Amino acid sequence: MGPFGRQDVRILLLGERGVGKTSLILSLVSEEFPDVVPPRAEEITIPADVTPEQVPTHIVDFSESEQTEQDLAREVQRADVVCLVYAVDDNHSLQQITERWLPLLQSLRPASKEDGENQNGEIVSAIPIILVGNKSDLLEQGNMESVLPIMNHYAEIETCVECSARTLRNISEMFYYAQKAVLHPTAPLYIAEDRELTEKCKRALRRIFAICDRDGDGSLSDAELNAFQQRCFGTSLQNRALEDVRNVVRRHTNDGVGSNGLTLSGFLFLHRLFIQRGRHETTWTVLRKFGYDDYLNLSRDYLHPPLRVPPGCNTEFSASGWAFLVQLFEQHDKDKDGALNTQELASLFSPCSIMPWGQNLKYSVPTNVQGWPTLKGYMAQWSLMTYLDVRRTCELLAYLGYHTAGTDNQLSAITVTKAQRSGGSKKRNTRTVFMGHVIGPPGVGKTTFCQGLLGRTVDEIDTSNLWCELPRYVARQLSVYGQSKILLLHDVDALGADSLSPQQVSCDVACLVYDASDEHSFEHVARLYLKYFAETSIPVLIVASKWESGPVRQQYLQQPETFCRKHRIPPPHGFSAKAGRLQSDVYIKLATMSSFPSWRPSMLSGNSSAVWIRAVVGLAAATALGLIVARTIRRLNIG
């Protein structure tokens, strides 16, 4: 496969009889004009290592005397580019180009929406065409003036070249242009009659400029230009070369160079200049390095590189992924207030096809008082999205231009982690993101419990009138024995003892919620525990919500404390979402149980909570975190 993702290039030569199609092919192969010219040359293949673009090239001749119209249709369908040959000394052969061959090609290879559009929304043909004027040795002066109007009228014509099979003039160039028309087509980039880039090309280059403008000042500094140059071409520019580039831009534009470097206007001008000078490959190299296909769409492989997540495994960010996201946050936090306001968030996601985060973000992750995501909230939202839909995360990272040395895809930003369950090695869980399912019947207070992770009270939720719109998932960063963890909570309705699916049961920690003021509420969670969790290794915490009024005696075989003691799980945790009563200790407890599943009380005998605490303290002491553990245990109030 060639460097541009193509396996080969197929060139088809068409034209009237006697214009020299076969002679051109034979002269290219033998490097001399043939004494005897057969009706048709057999298909030849030029190896990749002898072509300028390092792509195998097949050259196909067509002969009306030996082949049928069906053969012609088949060859046109297979071709990547067509060389329409005419004789410069034969006006009839040139006239047939417009009267016969171009309409025939358009009928055999009709344009489609998938082929792409130019700036005016006109559909561009998928098959590029090279006009070839052969027998230039028979004229003292060429007749390019007759050809230019044809080029301007047909957008699919990439270029025209006059050559001679007899003198070998421009033959290699003709086939090079044909190959180049496939690998570096003009039509998606440039409108010749307007001498301007297409709108689609401009949009792509604007995105690339925004990605490369690392400090977000609207200009590419020398350092940013060199980083761009290194990424696209593998080399850096010397100071003299950088100054030469700026001087060229200054001579032709008024606003192409600013006080801090090359502006977007200058960046677009340079690419327009490259194309006008026939250096399409320069712009195409840049576009392909940033994921664009031949139609200037981000390719599927670029947006969604193959990532296998085995059953029971999860996805979170790697160190390089975190570093990239933090750099983006700091770049777009223009006022340095530690949060992204509406304009800053829109600027950050401007390279993306749509704005991925909505106004309800403040009900999913921590924000400041204005409802803008803080750095911790921003990271929590990314973690939540990556856990739930890593494919979407990869797509956004692609749009945002994620790149690390040695790789052009997003996979190095993602870590696939295996869910650690208790009963195995007694080591701290090395994962950083954990999913907790908050399970119970509707109305017991699950939603307020989830919003409590963000510090939001029931009174705040009531005044917001957003009960029906509150998200089912929330996320927040917490500290577990000095280690940063991100806890995700999923609000799961359990309408009955048989209502949970395997996906709703599978989690890192289960939080079963009942209404402490309802004497019949505990029975629901007790039955859920016995049916779904008693025989699993998933840590379980039972939460008694609406604790502010004082618990009532439950109408069940056992009271909650007795039930928990019997099944060796932590005692029920009283919880209130009322203002002044909301505490964060229960969330730290859930994150701790996720991080240390091997020390679940149900796995131990005797005073379960005390043994669990001593085990964790022992681990923490071994890692020089004893003081942190002591403070955290006091906050947990376990036992």
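Modeller: Two strands pair if DSSP finds at least two bridges between them. Strands themselves are DSSP runs of E, at least two residues long, and helices are runs of H or I, at least four residues long; both are numbered from the N terminus. This is a predicted model, so local features need pLDDT of at least 70 and side-chain atom pairs count only at pLDDT 80 or more, while totals for chains, interfaces and linings use all residues. Residues are numbered from 1 along each chain as its sequence is written, and side-chain values use heavy atoms, with hydrogens and water left out.

Colleague: How many helices and strands does the protein chain have?

Modeller: The protein chain has 23 helices and 19 strands. Of its 639 residues, 53% are buried. Buried means under 20% relative accessible area, exposed over 50%, and partly exposed in between, with a 1.4 Å probe and protein chains only. The accessible surface of the chain is about 29000 Å², and carbon and sulfur atoms hold 49% of that surface. These areas come from the Shrake-Rupley method with a 1.4 Å probe; for residues, only the protein chains shown count as cover.

Colleague: What share of the contacts joins residues at least 24 apart?

Modeller: A contact means heavy atoms within 4.5 Å. Take the contacts between residues at least 6 apart in sequence: 70% of them join residues at least 24 apart.

Colleague: Now the sheet. In which order do the six strands come?

Modeller: First the general idea. Strands of a sheet pair through backbone hydrogen bonds, either parallel or antiparallel. Here the order is β2-β3-β1-β4-β5-β6, in an open sheet with mixed pairing. β2 and β6 (157-162) are the edge strands, each pairing on one side only. Neighbouring strands are turned by 25 degrees against each other on average, direction ignored. Axes are lines fitted to C-alpha atoms, for helices over the stretch in contact; angles run from 0 to 180 degrees between N-to-C directions.

Colleague: Which helix packs on the sheet and touches β4, β5 and β6?

Modeller: That is α4 (residues 144-153), whose direction makes about 170 degrees with that of β6. Helix α5 (residues 171-183) also packs on the sheet. α5 touches β1, β3, β4, β5 and β6, at about 120 degrees to β1.

Colleague: Which residue of β3 is the bridge partner of Arg-10?

Modeller: His-58. β1 (residues 9-15) and β3 run parallel, joined by five bridges. Among these pairs is Ile-11 with Ile-59. β2 (residues 44-46) pairs with β3 in the antiparallel sense, over three bridges. There Thr-45 has His-58 as its partner.

Colleague: Which way do the residues of β3 point?

Modeller: In a regular strand the side chains alternate between the two faces of the sheet. In β3, Thr-57, Ile-59 and Asp-61 point one way, and His-58 and Val-60 point the other way. β3 (residues 57-61) is mostly covered, with five of its five residues buried.

Colleague: What span should helix α12 have?

Modeller: The expected span of a helix is 1.5 Å times one less than its number of residues. α12 (residues 319-332) has 14 residues, so it should span 20 Å; its end C-alpha atoms are 20 Å apart, which agrees. Its buried residues include Trp-322, Phe-324, Leu-325, Leu-328 and Phe-329. Among the elements covering the buried residues of α12 are α6 (199-212), β12 (313-317), α14 (375-388) and β16 (483-493).

Colleague: How many salt bridges are there?

Modeller: A salt bridge is a side-chain nitrogen of Lys or Arg within 4 Å of a carboxyl oxygen of Asp or Glu. By that rule there are 23. One of them joins Glu-243 and Arg-246, with the closest N and O atoms 2.9 Å apart. The two are three residues apart in α8 (residues 239-252), so about one helical turn separates them. Glu-243 is partly exposed at 29% relative accessible area, whereas Arg-246 is buried at 12%.

Colleague: Where do Arg-431 and Asp-508 lie?

Modeller: Their side chains meet in a salt bridge, 2.8 Å from N to O. The pair links distant parts of the chain, 77 residues apart. Arg-431 lies in the loop between β13 (414-418) and β14 (433-440), and Asp-508 in the loop between α18 (502-505) and β17 (509-515). Arg-431 is buried at 2% relative accessible area, and Asp-508 is buried at 4%. Elsewhere, salt bridges that share partners join Glu-196, Glu-199, Lys-202 and Arg-272 into one network.
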